[in-house]
Amino acid sequence: MTEDEPQDPRIAAGIPPLGTLETITYISDELARVVAPNPSPNTLDGTNTYVIMDRAGGAALIVDPGPVSDLHLENVKTVLDSENVEAVGIFLTHHHLDHSETARLWSREFGVGVSAFLPRLVFGIGKVLGDDDRFELGNKQIKVVATPGHVHDHLAFQVDSGHLLAGDHMLGRSTSVIAHPDGDLEKYLSSLAKVRKLGSQVILPGHGPEISEELSEKVIEYYISHRHHRLAQIVSILDQEVPINVDDLTRKIYGPELPDALFKPAKQSTRASLTYLVQREIIEVDEEERYNLV
Ligand SMILES: [Zn+2]
């Protein structure tokens, strides 16, 4: 921790403790969150599956079905049955298995297609999704917002009810991982700027609690300054100690409190920062993958 480390505005505002999210929560009348039973250091409270409903038309869209789990499927069916709506499609924010693993199973179960950015994830009558694609669900419009950075195929979905389903672009607790080399910091920062331009809205992350409309822009600002702080931290470490490899650098940045389970994702984010700095010729890398300031 350094003095100028940006502070997450959610800490002061208060946030439900890890593991206290209800399995089924109605974010609004026509939008439910169902938490999958896969909590871990990487998935926080578990993966959030969202059900966007059109009650009048009896239809629902499932976003990120999550991991294979009979219990999770039953919980989502409970929402559909109790609201008298039928699934009409499955959308995926990205390919990571904690979001997509059960997509094909559920596609067969509900007789619907799977739509995603990557053609290999599309299944049945689903579609390849791209930036700014728009879909109607009753009187709601759902807009695809390409948000590469966490991984290259990442999409968010904006519902005109004032909600953004953000997948792993933003999390309900702490910050997201840039899953280098699939993830990319420059793209991630551009995607954060793009979401900021959409204005205040309730952000519904792929893991953890919702981010309120009031806090949404502040949290995006925090995410952007957090990434710039990490870059500055790396330059300052390299200013004192060179050459240094990725493992040692990751330990220095995150400190001894980093749980072993989070070392790999932390290292991926560190690599993403290093790649960003190398591309800008601020630092250089030697043949043993040790880093120096230029
Ligand atoms: Zn992910």
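Predicted model: local features only at pLDDT ≥ 70, side-chain atom pairs only at ≥ 80, totals over all residues.

Student: How many bridges join strand β13 to β14?

Tutor: Strand β13, residues 283–285, is joined to β14 by 3 bridges, and the two strands run antiparallel. They form a hairpin with 4 residues between them. In the turn, E289 has a positive phi of about 55°.

Student: Which other strand is joined to strand β14?

Tutor: Strand β12, residues 244–245, is joined to β14, residues 290–293, by 2 bridges, and this pair runs antiparallel. Here I244 stands opposite Y291 of β14.

Student: What is the strand order in the open sheet of 6 strands?

Tutor: The order is β1-β2-β3-β4-β5-β6, and the pairing is mixed. At the edges stand β1 (24–28) and β6 (114–115), each of which pairs on one side only. Within this sheet, strand β3 (residues 48–54) runs antiparallel to strand β4 (residues 59–63), with 5 bridges between them. As an example, D54 is placed opposite A59 in β4.

Student: Which strands does helix α4 touch?

Tutor: Helix α4, residues 103–110, packs on the sheet and touches β4, β5 (86–91) and β6. The direction of α4 makes about 155° with that of β5.

Student: How does one check the span of helix α6?

Tutor: One compares an expected span with the distance between the end C-alpha atoms. At 1.5 Å a residue, the 28 residues of α6 (residues 213–240) should span 40 Å, and the end C-alpha atoms are 41 Å apart, which agrees.

Student: Which residues in α6 are buried?

Tutor: First, the general idea: an α-helix has 3.6 residues a turn, so residues three or four places apart point the same way. In α6, the buried residues are L215, S216, V219, I220, Y223, R227, R230, I234 and L238.

Student: Where are the bounds of the domains in the protein chain?

Tutor: Domain 1 covers 9–223 and domain 2 covers 228–293. Their C-alpha centres lie 30 Å apart.

Student: How many residues of each domain are in contact with the other?

Tutor: In domain 1, 10 residues are in contact with 11 residues of domain 2. The side of domain 1 that touches domain 2 has 5 nonpolar, 3 polar and 2 charged residues.

Technical notes: Residues numbered from 1 in each chain as written. Pairing = 2+ DSSP bridges. Contact = placed C-beta atoms within 7 Å. Axes fitted to C-alpha atoms, helices over the stretch in contact; angles between N-to-C directions. Expected span 1.5 Å × (residues − 1). Buried ≥ 20, exposed ≤ 12 C-beta atoms within 10 Å, placed from the backbone. Domains from an automatic or database assignment. Nonpolar A, V, L, I, M, F, W, Y, C, P; charged D, E, K, R; others polar.
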